[in-house]
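Subject: Structure handover and notes

Hello,

Here is the structure for your files.

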Amino acid sequence: MIEEWWRVGWAGQVEIADDIYAADLVMKSPFGVMRGTQAVKDVLTGFLSGVESLEYEYRLFGGGNEFGLHYSLRGIHAAPLYGVEATGEQVHFDGACIYRFDGHKIREFWQSVSSPSETGMTCLGSFAVQSGL
């Protein structure tokens, strides 16, 4: 399921979140604590709308009902991204997620991402404030 999210959701088909994440999902990330599948869709849609020519790689590990994932994302900052106007520059994010399953859906996940100062995106967290998440 996690690989399906990265393969299909990150290709822009964010509605698949309803099949992968539990309706009462709790997501803890640099944006704060968010709940529900709509929050996941909003965060990903926000990212995809600001970055073109996206390339990513990830490594999944773990087993049972808990999995970890390390990811690396690169693309061109072509449109506003979480409150930062487009720069036309390449952006690069590294991060990690920990997923906890309950049955066949992800019930919780924790995410870390490279610091905004490392990416040049000093207003990265403003998306959470602007969107009310």
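This is a predicted model: local features need pLDDT of at least 70, side-chain atom pairs count only at pLDDT 80 or more; totals for chains, interfaces and linings use all residues.

Residues are numbered from 1 along each chain as its sequence is written, and side-chain values use heavy atoms, with hydrogens and water left out.

Overall make-up

The protein chain has five helices and six strands; helices (H or I, at least four residues) and strands (E, at least two) are DSSP runs, numbered from the N terminus. Along the sequence the pattern is α-α-β-β-α-β-β-β-β-α-α. Of the 133 residues, 41% are buried (under 20% relative accessible area, with exposed meaning over 50% and partly exposed in between; 1.4 Å probe, protein chains only). The chain exposes about 6,800 Å², and carbon and sulfur atoms supply 50% of that area (Shrake-Rupley method, 1.4 Å probe; for residues, only the protein chains shown count as cover). Among contacts (heavy atoms within 4.5 Å) with a separation of 6 or more, 53% join residues 24 or more positions apart.

The sheet

The six strands form an open sheet in the order β2-β1-β6-β5-β4-β3, with mixed pairing; two strands pair if DSSP finds at least two bridges between them. At the edges are β2 (32–35) and β3 (51–63), each pairing on one side only. From one strand to the next the twist averages 20° (axes are lines fitted to C-alpha atoms, for helices over the stretch in contact, and angles run from 0 to 180 degrees between N-to-C directions).

Strand β4 (residues 66–77) is antiparallel to β3 over 11 bridges, with Arg59 partnered by His70 of β4. The pairing of β4 and β5 is also antiparallel, over 11 bridges, and Phe67 has Tyr99 of β5 as its bridge partner. β5 and β6 pair in the antiparallel sense over eight bridges; here Tyr99 is partnered by Phe109 of β6. These two strands make a hairpin with two residues between them, and Gly103 in the turn has a positive phi of about 70°.

In a regular strand, side chains alternate between the two faces of the sheet. In β5 the covered face holds Val91, Phe93, Gly95, Cys97, Tyr99 and Phe101, while the uncovered face includes His92, Ile98 and Arg100.

Helix α3

The 14 residues of α3 should span 20 Å at 1.5 Å a residue, and the end C-alpha atoms are 20 Å apart, which agrees (the expected span is 1.5 Å times one less than the number of residues). Buried residues of α3 include Val40, Val43, Leu44 and Phe47. Lys41, which is found in α3, is also buried, with a relative accessible area of 13%. Leaving aside neighbours within four places in sequence, Lys41 is in contact with Val14, Glu15, Ala17 and Asp18.

The core

The largest nonpolar core has 32 residues, and those touching the most other members are Trp5, Trp6, Tyr21, Phe47, Tyr99, Ile106 and Phe109 (a core is a set of buried Ala, Val, Leu, Ile, Met, Phe, Trp, Tyr and Cys residues joined through side-chain atoms within 4.5 Å). At least two core residues come from each of α1 (2–8), α2 (17–20), β1, α3, β4, β5 and β6. Not counting residues up to four places away in sequence, Phe109 touches residues including Tyr21, Leu25, Val40 and Cys97.

Regards
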